Amino acid sequence: PTLAELEEAELQEPPQDEESPPDCDPRARRLGEWVARSLRVEPDRWARCAGSPEARPLLRAFLDGDPARRLLLVTPGAGGQVALAEGLALAAGAGRSSKGVFLLRLAPAPLPSPPAPGHLLYGDLAAAPLDHLATFVEEVVVPLLANQKNHHSWPHVVSQDVIHHVATLKSNVFVMVGQVKGKTLLPLPADLDRDKYIDFDSEKTTELVDKSIVHAIESAVIEWTHQIQGVLKRESAELLLQGQDPNPKVELDFWKNRYIDLQCIYSQLKSRKVLSLVELLNRVQSTYFPAFKSMFRDVEAGEVLQM
């Protein structure tokens with residue numbers, strides 16, 4: 001047989017017998033090499049993990065093409081050990097303080113030996129994946145896709161659509177990070193959140209103001225209103241209405257967290273950036289300026305009622 005035929009035969013090597021331990025599988029050993037190199041642990045740590053009763057069925061299903069077992073996460077544990085989990089079960093764990101390694105089987109078939117690039121994707125997973133995603137969007141996705149210098153060969157409609165979707169993605173990730181942390185974060189309009197302020201001393205007339213900027217600010221006010229109303233309308237009796245039986249501590253925690261959230265919202269509305277944008281709405285006599293003042297009063301009233 002030729003070298004090409006031998007390589008093809010190796011790729012088509014059948015999976016190990018169901019009864020054989022997965023840590024003896026050459027595919028599992030290859031995964032262990034990647035895990036040990038990424039997490040900087042001894043190779044025997046992976047072998048011990050792969051042969052454990054908890055990890056053995058997960059790893060076997062992953063290697064043999066189980067459609068429900070396409071994603072595994074490996075994380076360092078106590079005493080230099082490593083742990084294997086199905087999906088992203090450990091990714092959101094509060095106790096995980098270090099990075100992990102994800103293993104994603106791309107094809108629905110069993111993993112070939114050795115694993116081919118088109119069948120497997122692996123890489124590091126940060127300890128705080130959502131914060132990592134927010135940083136990635138902020139520092140990589142937005143500068144690349146929102147920069148019109150990269151759109152020189154694109155139609156104008158496509159360029160504007162991409163910029164719009166990138167801004168929406170950035171805003172959604174920003175809001176989601178706040179929700180995970182129990183805070184309501186108010187996203188600023190696109191292109192107005194990088195220390196760009198309105199210079200009212202040099203702009204004596206509002207006729208020179210770009211209408212698209214005014215529209216972006218008005219859209220932001222609408223979104224802020226929905227977010228803030230969602231906080232103000234939230235009731236502590238929601239758990240009771242859902243049939244649960246919360247104790248008094250749950251009630252106290254609800255009002256404490258609500259007050260902290262309102263303080264966070266109030267500080268954002270009083271920030272220099274937001275006040276500059278709202279002042280522009282006042283200068284152009286936007287109908288959304290009274291709406292902002294009403295929203296601001298609602299937040300102040302909510303804070304006073306809880307003091």
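Two strands count as paired if DSSP finds at least two bridges between them. The exercises below apply this to a predicted model.

**Exercise 1. Which strands does β3 pair with, and how do they run relative to β3?**

Step 1. Begin with β1, which is joined to β3 by four bridges, the two strands running antiparallel.

**Exercise 2. Locate Asp64, decide whether Asp64 is buried or exposed, and find which side chain it contacts.**

Step 1. Asp64 lies in the loop that connects α4 (55-63) with β1 (71-76).

Step 2. The relative accessible area of Asp64 is 18%; since buried means under 20%, Asp64 is classed as buried.

Step 3. The side chain of Asp64 makes a polar contact, at 3.2 Å, with the side chain of Arg27.

**Exercise 3. Describe the largest nonpolar core by its members and by the elements that supply them.**

Step 1. The core holds 23 residues, and those that touch the most other members are Leu31, Trp46, Leu59, Phe62, Val74 and Leu84.

Step 2. At least two residues of this core come from each of α2 (26-39), α3 (43-50), α4, β1, β2 (82-86) and β3, with α2 giving the most, namely six residues.

Step 3. For context, nonpolar side chains tend to be buried together in soluble globular proteins.

**Exercise 4. Characterise the second largest pocket by its volume, its lining and the classes of its lining residues.**

Step 1. The volume of the second largest pocket is about 330 Å³. Its lining comprises 15 residues, of which Gly182, Lys183, Thr184, Arg234 and Asp261 are the closest to the centre of the pocket.

Step 2. Among the helices, α6 (156-180), α7 (211-232) and α9 (248-269) each supply at least two residues of the lining of this pocket, and α9 gives the most, with six residues.

Step 3. Sorted by class, the lining of the second largest pocket is made up of five nonpolar, five polar and five charged residues.

Technical notes
Residues numbered from 1 in each chain as written. Predicted model: local features only at pLDDT ≥ 70, side-chain atom pairs only at ≥ 80, totals over all residues. Heavy atoms only, no water. Buried < 20%, exposed > 50% of the residue type's maximum accessible area, 1.4 Å probe, protein only. Polar contact = N/O pair within 3.5 Å; in protein donor to acceptor, adjacent residues only side chain to side chain. 1 Å grid on protein atoms, 1.4 Å probe; cavity = no way out; pocket = protein on both sides within 12 Å on 5 of 7 lines; lining within 4 Å. Points joined across faces, edges and corners; volume = space filled by probe spheres on them. Nonpolar A, V, L, I, M, F, W, Y, C, P; charged D, E, K, R; others polar. Core = buried A, V, L, I, M, F, W, Y, C linked by side-chain atoms within 4.5 Å.
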